[in-house]
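Student: I am new to this structure and would like to go through it step by step. Could we start with the overall fold and then turn to particular helices and residues?

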Amino acid sequence: LAQALLRPRPRPASCLQSLADMGAIMTCVESNTNTDAAETKTGAGEHSAPTWGPMYKHNVMFLCNHNSCRSQMADGWLRALRGQASVGVASAGIVGGTAVKEGAITVMSEAKVDISKFTSDAMADFSPDAFDIVISCCGCGDKLNGEKEVWKKRSVFEDWNLDDPPAIDPGDLSAYRRVRDEVKAKVEDLLNFIKEGDA
């Protein structure tokens with residue numbers, strides 16, 4: 001993977017590549033509601049420190065239907081893998097927040113990533129202007145229409161179309177683990193694109 005990333009690549013169709021073209025310099029316009037959300041969407045070890053906002057050069061929003069599994073895994077992985085990169089992250093449900101799935105908490109804990117204190121939030125509680133990168137985790141980009149379509153018009157929008165573990169897991173968490181690992185690979189790739197765009 002590392003060798004592949006180092007080789008010069010032709011411009012792909014993926015909108016992630018727009019980072020390099022645009023320089024990905026974002027201006028965040030945040031309301032008091034956004035600030036409150038940034039301070040409450042925290043995980044173990046982060047206390048009340050904002051996980052996204054104007055203090056970061058880039059801000060990533062992970063979306064899925066209910067912010068209960070796939071987007072939570074992505075949120076946790078990005079926090080764990082970003083290192084010193086100035087990348088903020090939040091996640092939310094297009095339909096609304098519910099609760100973080102126990103299966104997601106369990107398999108992420110196996111990978112030494114604690115999402116047990118993450119909250120399940122609604123997309124309506126966030127402003128799209130605060131994020132330059134938006135990732136739909138569940139193939140639900142077609143639900144971003146009407147007033148919600150603005151989320152698809154950020155500098156970068158990608159639909160990862162990941163399987164839904166709660167819907168397909170046979171009871172042994174195998175589906176959760178597979179999707180967890182797929183999400184990790186995609187987050188690593190996303191971070192590499194961001195770093196290349198900033199180089």
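Predicted model: local features only at pLDDT ≥ 70, side-chain atom pairs only at ≥ 80, totals over all residues.

Student: What share of the contacts with a separation of 6 or more comes from residues 24 or more positions apart, and what share of the residues is buried?

Tutor: Of the 199 residues in the protein chain, 49% are buried, while the chain exposes about 9400 Å², with carbon and sulfur atoms supplying 50% of that area. Among the contacts with a separation of 6 or more, the share from residues 24 or more positions apart is 76%.

Student: Are H4 and H5 roughly parallel or roughly antiparallel to each other?

Tutor: The axes of helix H4, residues 70-81, and helix H5, residues 102-110, come within 10 Å and cross at roughly 25 degrees, and H4 passes H5 in a right-handed crossing. Angles under 35 degrees count as roughly parallel. H4 and H5 are therefore roughly parallel.

Student: Which residues of H4 and H5 meet, and how many of them are nonpolar?

Tutor: From H4 come Met73, Gly76 and Trp77, which meet Ala104, Val107 and Met108 of H5. By class, this contact of H4 with H5 has no charged residues and 1 polar residue, and the number of nonpolar residues is 5.

Student: How does H5 lie relative to helix H7, and how many charged residues does their contact have?

Tutor: The axes of H5 and H7, the latter spanning residues 174-198, come within 9 Å and cross at roughly 60 degrees, which makes H5 oblique to H7. The crossing is right-handed, and in it Gly103, Ala104, Val107, Met108 and Glu110 of H5 meet Tyr176, Arg177 and Arg180 of H7. By class, the contact of H5 with H7 has 4 nonpolar residues and 1 polar residue, and the number of charged residues is 3.

Student: At what angle do the axes of H4 and H7 cross, and how do the residues of their contact divide by class?

Tutor: The axes of H4 and H7 come within 9 Å and cross at roughly 50 degrees, which makes H4 oblique to H7. The contact includes Met73, Trp77 and Leu81 of H4, and Val183, Val187 and Leu191 are among the residues of H7 that take part. By class, the residues of the contact of H4 with H7 divide into 11 nonpolar, no polar and 4 charged.

Student: Where is Asn67, and is Asn67 buried or exposed?

Tutor: Most residues other than glycine have a negative phi. Asn67, although not a glycine, has a positive phi of about 55 degrees. Asn67 sits in the loop between strand S1, residues 58-64, and H4. With a relative accessible area of 0%, Asn67 is buried.

Key:
Residues numbered from 1 in each chain as written. Heavy atoms only, no water. Buried < 20%, exposed > 50% of the residue type's maximum accessible area, 1.4 Å probe, protein only. Contact = heavy atoms within 4.5 Å. Areas by Shrake-Rupley, 256 points an atom, 1.4 Å probe, with all protein chains shown as cover. Axes fitted to C-alpha atoms, helices over the stretch in contact; angles between N-to-C directions. Helix = DSSP H or I, 4+ residues; strand = E, 2+ residues; numbered from the N terminus. Parallel < 35°, antiparallel > 145°, perpendicular 65-115°, else oblique. Left-handed = near helix turned anticlockwise from the far one by under 90°. Nonpolar A, V, L, I, M, F, W, Y, C, P; charged D, E, K, R; others polar.
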